[in-house]
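Let's take a walk through a protein chain together, one stop at a time. Have the sequence and the 3D view ready, and follow along.

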Amino acid sequence: MHNVRISIPSFRSEDNPMEKGYTVFKIEVLMNGRQHTVEKRYSEFHNLHKILKKSIKLPEIPSKHVRNWVPKVLEQRRHGLELYLQTIIMENEVLPKIFLDFLNIRHFPSLPKTESCGSFEMESEESSKLTHQPTMIYQRDPYLLPSTHDTFSNVVIEGVIHGIFYPDLQPR
């Protein structure tokens, strides 16, 4: 089971003079204790569905055509889209990169079998693990030692270090 929770708590209507109005659904994504929000139109859900149905098991997506734009009908669509996303996560062991991108999830460190490249073909577990190189190293710990140019020593840091490492030593 994946360590991600999805909800669609709300929607709003957008009016645009260049095209007819549309509805935007607010998707809340909670993963590893971090939450972010993504807003998507129904057409984006529909495009995702067309792509994903070629590669993974999918639930039914709510109907594309809605006769009536009253709040009750839109609420049913919101609930249907929420169940749609939750079912994809629950029923598929491997989540394609395009699905993760749709939710603005850049990587899935808790899932070594998550696809890490754009193809929908299944990859071996070894090639799908995320790897990285360190981008910055310190010659010394900048938080423990004051810089050599510092004219005033950091009394708090000195006190903590002496208290932990030299409890018998009297302060200056």
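Helices (H or I, at least four residues) and strands (E, at least two) are DSSP runs here, numbered from the N terminus. At 34% relative accessibility, N104 counts as partly exposed. For these labels, buried means under 20% relative accessible area, exposed means over 50%, and partly exposed is in between (1.4 Å probe, protein chains only). N104 also has a positive phi of about 60°, although it is not a glycine.

A quick word on what you're looking at: this is a predicted model, where local features need pLDDT of at least 70 and side-chain atom pairs count only at pLDDT 80 or more, while totals for chains, interfaces and linings use all residues. Residues are numbered from 1 along each chain as its sequence is written, and side-chain values use heavy atoms, with hydrogens and water left out.

Now for another asparagine, N32, in the loop between β2 and β3. N32 isn't a glycine, yet its phi is positive, at about 50°. With a relative accessible area of 38%, N32 is partly exposed.

Let's zoom out. The chain has 5 helices and 3 strands, and from the N terminus on they run β-β-β-α-α-α-α-α. Of the 172 residues in the chain, 28% are buried. How much of the chain's contacts between residues at least 6 apart in sequence join residues at least 24 apart? The share is 44%, where contact means heavy atoms within 4.5 Å.

Next, look at helix α1 (residues 42-52). Its buried residues are Y42, F45, H46, L48, H49 and L52. They are on the same side of α1 because they cover an arc of only 160° around the axis; that arc is taken from the directions from the helix axis to the C-beta atoms. What do the buried residues of α1 pack against? Their partners are β1 (4-16), β2 (19-31), β3 (34-41), α2 (71-91) and α3 (97-102).

Is K40 buried or exposed? It counts as buried, at 12% relative accessibility. Leaving aside neighbours within four places in sequence, K40 is in contact with T23, V24, F25, I27, F45 and F102. The side chain of K40 also reaches the backbone oxygen of F102, at 3.4 Å.

Over in helix α2 you'll find R78, which is buried too, with a relative accessible area of 10%. Skipping neighbours within four places in sequence, R78 is in contact with I8, P9, S10, F11 and F25. R78 and K26 are 52 residues apart along the chain, but their C-alpha atoms are separated by 9.2 Å.

Last stop: the surface. The chain exposes about 12700 Å², and carbon and sulfur atoms supply 55% of it; accessible areas come from the Shrake-Rupley method with a 1.4 Å probe, and for residues only the protein chains shown count as cover. In helix α5 (residues 155-165) you'll spot V156, which is exposed, with a relative accessible area of 60%.

How values were computed
A polar contact is a pair of N or O atoms within 3.5 Å; within protein, one must be able to donate a hydrogen and the other to accept it, and residues adjacent in sequence count only if both atoms are side-chain atoms.
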